[in-house]
Amino acid sequence: MKIKAGQANLLSELRADLGSSRMLKALAASFLIAAIVVIQSLALSTIVFGGPLLSFAVQGAGMMLFGAMAMCLLIGVISSYPGVIGLPQEVPATVLGTLGAAIVASTVEGPGNAAFMTMAALLVLSSLLTGAFFVAVGYFRLANFFRFIPYPVAGGFFAGTGCLLVMASISVMSGVTVDWPTLPRLLDADVVWKWAPGVVYGAVLILVVNRTGSFLAMLGSFIIVGALYHLGLLFFDISLQEAKARSLLLAGISQEGAPWPAFGIGDLLDADWAFIAAHTPELLATTLVTLLCLLVYVNGLEVATGVEVDLDREFRAAGIAGICAAAGGSASGCQSFGLTLPFNRLGVDTPWLGIAVAIVLGLCLFFGTGLLELLPVSIIGGVLFFIGGDLMFTWLFKAQRWLHWTDYGIIVLICIVIAAFGFIEGVGMGMVATLVLFAFRLSRVEVVAQEFTGRQRSSTRIRSIPDRAILLERGNRLRVYRLRGYIFFGTAHRLVDRLKGPMREAQPPACIVLDFEAVSGCDFSAIDLLRQFARSIEGGTKLTICAASAQLEANLRSHLTAADRGIIQFERDLDHGLESGEDALLALASDEFSQAPRDVRGHLLDRVADDLERHLGAQIVFEALIEQLRPWLAPREFASGDMLAERGHAQDGAHFLISGQVSVHGPEGKRMYQCGPGAVLEPWAAFSEHEASFTAVARTPCRTMVLDPKRRELLEADDNDLTLKLFAFLIRSRSSPGALFPQTGVSPR
């Protein structure tokens with residue numbers, strides 16, 4: 001039988017930790033963690049089986065303990081994070097707990113076995129559904145897709161859950177359902193003393209735990225307050241039977257029967273399946289909020305510890321554990337941030353921790369449930385108040401320190417809607433508010449990343465000296481806009497308004513160039529606005545669109561009329577777009593010069609005279625050098641489109657360009673520059689074996705003279721002075737790159 005790599009790694013890790021200090025730490029920590037988990041399971045049970053179903057709280061605690069045992073074991077050994085603890089979560093449990101009153105109202109016998117089994121069936125289905133979904137996410141490696149759930153939405157869920165937990169805790173302790181009509185009833189003298197001590201205990205626990213950062217305070221206070229509570233019963237001469245009769249102890253609200261197993265498979269037939277089918281949205285909501293819990297807690301562990309977590313594996317671990325926990329009727333759950341991080345910092349980072357905790361929980365579940373019935377209801381309610389209050393304290397008070405007021409407002413809004421109307425309404429309101437806020441923020445993002453003119457930047461195409469002078473003088477009539485992001489109706493209007501600005505000037509642009517290289521996409525409204533802008537252009541202005549995706553170009557072309565196609569031009573990149581814009585500007589200038597007086601054309605010649613003189617001087621030097629080197633040079637001719645050099649391939653020698661034009665392209669195939677007569681391509685290939693740094697392609701028929709290493713060695717042996725002159729020319733050219741390709745006016749980019 002073959003063992004997979006992941007299983008082999010786990011077995012080797014377990015063997016390595018067996019008998020080590022990590023194993024001893026895991027055994028010691030397991031009892032402490034199990035005690036905390038038992039308390040939380042009791043609190044979780046009162047969340048689900050609250051209100052009229054409170055009489056089933058002990059059986060519910062057994063169901064939650066079974067789920068905690070399964071999750072600690074399976075998540076602990078499958079997770080990519082060593083020493084992680086998995087537990088049923090209070091957030092999805094709260095979603096189902098809100099259905100308790102509706103379940104009782106729908107059953108004929110009231111809060112009887114049918115109502116209990118209906119809630120149990122909801123728990124089973126929610127865990128199965130969530131587990132299957134998590135396994136699918138992990139198996140198909142879709143976890144990163146869910147990392148983009150808005151942070152305020154998750155915070156609003158947690159804050160709203162906390163509010164419902166606080167209300168549930170008061171209901172558990174007082175026996176009164178908390179809503180607007182019953183609020184005055186909570187202040188009655190015979191009711192207030194039931195819930196007030198638990199609220200005080202929970203509030204103090206919130207302050208202590210947030211100040212110390214340790215859950216040990218909760219465990220210690222639970223033991224101390226429980227002991228003091230029973231001492232108080234003795235002091236006031238209240239017997240256990242009387243305390244049970246007054247529902248002061250958990251036994252007073254529990255029915256007869258063992259906490260585990262709470263039900264059999266056949267008992268599920270007693271559930272109200274019509275009610276369950278009608279509340280499918282709540283089942284889906286439990287999956288969503290469990291997903292949020294997993295993302296927030298696992299990402300929190302990753303940030304707090306610096307350990308890289310395989311999120312897909314975490315989904316698989318939580319999914320498998322959830323499916324197994326469903327067999328015992330547990331609420332859905334995932335990895336626990338609060339219990340994992342403190343013990344990880346103490347060095348308990350081994351899969352044995354989850355195994356040890358699961359064993360202790362199993363012993364408690366099957367042999368130690370008798371003590372549960374002696375626990376005071378007010379302490380369980382206090383712990384429940386602590387869990388809910390801590391969520392509210394974190395997301396309604398702490399969160400405002402690091403969140404923008406708009407994000408914080410969404411959290412508060414979701415919390416209010418969940419508390420007033422329910423989780424489904426809160427989910428909908430939160431997503432709508434987040435989408436509206438996202439659209440508003442996106443519309444304020446500046447879609448123009450850079451704006452410049454033809455004077456500030458030119459294309460790499462070879463231009464004659466007069467053309468370069470014209471472009472330098474009139475380059476302001478070539479406007480270039482480099483765009484970014486996603487262009488939609490909110491940003492498209494601002495972009496078009498910005499493009500219309502230069503059109504109102506005395507001399508409108510000859511061409512407007514839009515670079516779409518950094519644009520991720522456009523919606524239909526943006527495409528329609530660009531088409532309308534193109535139609536509104538007057539005075540011969542051209543619109544050039546560069547680097548548009550194939551889909552975007554197809555969408556733009558499909559909405560162009562025959563007249564529009566003469567105005568809009570498409571180019572593959574910004575360099576060719578600049579070239580097209582320069583051509584339009586030069587054509588416009590040519591028309592104007594043809595009608596201008598002779599003295600205007602003479603003024604242009606005066607301006608370019610110095611440049612022309614420098615160019616001719618450089619050409620004279622180059623041609624004189626070539627004439628001297630001719631005995632050692634080999635002539636080569638290339639047709640248009642032929643390759644003079646190919647990046648990464650051995651070069652046969654340095655090419656001295658005598659005639660024609662060459663385009664030089666970089667690693668990604670973009671044109672870096674053009675060069676003409678007087679340029680030297682791959683000059684260092686004349687001295688040794690050399691791989692071409694760039695790809696050079698003949699733009700027109702070209703003629704070159706090639707100096708290879710062997711001929712260069714002969715040159716060095718025959719004429720040392722000429723060799724030094726060649727070195728000096730190449731070094732001067734390298735220190736002033738423009739000299740390698742005169743006529744361009746640019747250096748390689």
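This is a predicted model: local features need pLDDT of at least 70, side-chain atom pairs count only at pLDDT 80 or more; totals for chains, interfaces and linings use all residues.
Residues are numbered from 1 along each chain as its sequence is written, and side-chain values use heavy atoms, with hydrogens and water left out.

**Helix packing**

Two packed helices are described by the angle between their axes and the distance between the axes. Helices here are DSSP runs of H or I with at least four residues, strands are runs of E with at least two, and both are numbered from the N terminus. Axes are lines fitted to C-alpha atoms, for helices over the stretch in contact, and angles run from 0 to 180 degrees between N-to-C directions. A crossing is left-handed if the near helix is turned anticlockwise from the far one by less than a right angle, and right-handed if clockwise.

| Helix pair | Axes come within | Crossing angle | Handedness |
|---|---|---|---|
| Helix 3 (57-78) and helix 16 (352-367) | 8 Å | roughly 160 degrees | left-handed |
| Helix 3 and helix 14 (311-326) | 8 Å | roughly 150 degrees | right-handed |
| Helix 18 and helix 19 | 8 Å | roughly 160 degrees | right-handed |

Angles under 35 degrees count as roughly parallel, over 145 as roughly antiparallel, 65 to 115 as roughly perpendicular and the rest as oblique. Helix 3 is therefore roughly antiparallel to helix 16, and its crossing angle with helix 14 makes those two roughly antiparallel as well. Helix 18 and helix 19 are likewise roughly antiparallel to each other.

**The second largest pocket**

Helix 18 and helix 19 also take part in lining the second largest pocket. A pocket is an open set of points on a 1 Å grid over the protein atoms alone, where a 1.4 Å probe fits, with protein on both sides within 12 Å along at least five of seven lines; lining residues have an atom within 4 Å of a point. The volume of this pocket is about 930 Å³, a volume being the space filled by probe spheres set on the points, which are joined across faces, edges and corners.

Its lining comprises 33 residues, and Thr98, Leu164, Met167, Val178 and Ala419 lie nearest the centre. Two or more lining residues come from each of helix 2 (21-48), helix 4 (90-97), helix 5 (100-106), helix 7 (151-174), helix 18 (405-420) and helix 19 (423-444). Helix 7 gives the largest share, six residues. By class, 20 lining residues are nonpolar (Ala, Val, Leu, Ile, Met, Phe, Trp, Tyr, Cys and Pro), three are charged (Asp, Glu, Lys and Arg) and ten are polar (the others, Gly among them).

**Two open sheets**

Strands of a sheet pair through backbone hydrogen bonds, either parallel or antiparallel. Two strands pair if DSSP finds at least two bridges between them.

Strand 11 (residues 662-665) pairs with strand 12 over four bridges, and Ser663 stands opposite Gln674 in strand 12.

Another open sheet of four strands has the order 8-15-10-13, again with antiparallel pairing. Its edge strands, strand 8 (634-638) and strand 13, each pair on one side only. Strand 10 (residues 654-659) pairs with strand 15 (residues 702-707) over five bridges, and two bridges join strand 10 to strand 13 (residues 680-681). Phe656 has Met705 in strand 15 as a bridge partner and stands opposite Val680 in strand 13.
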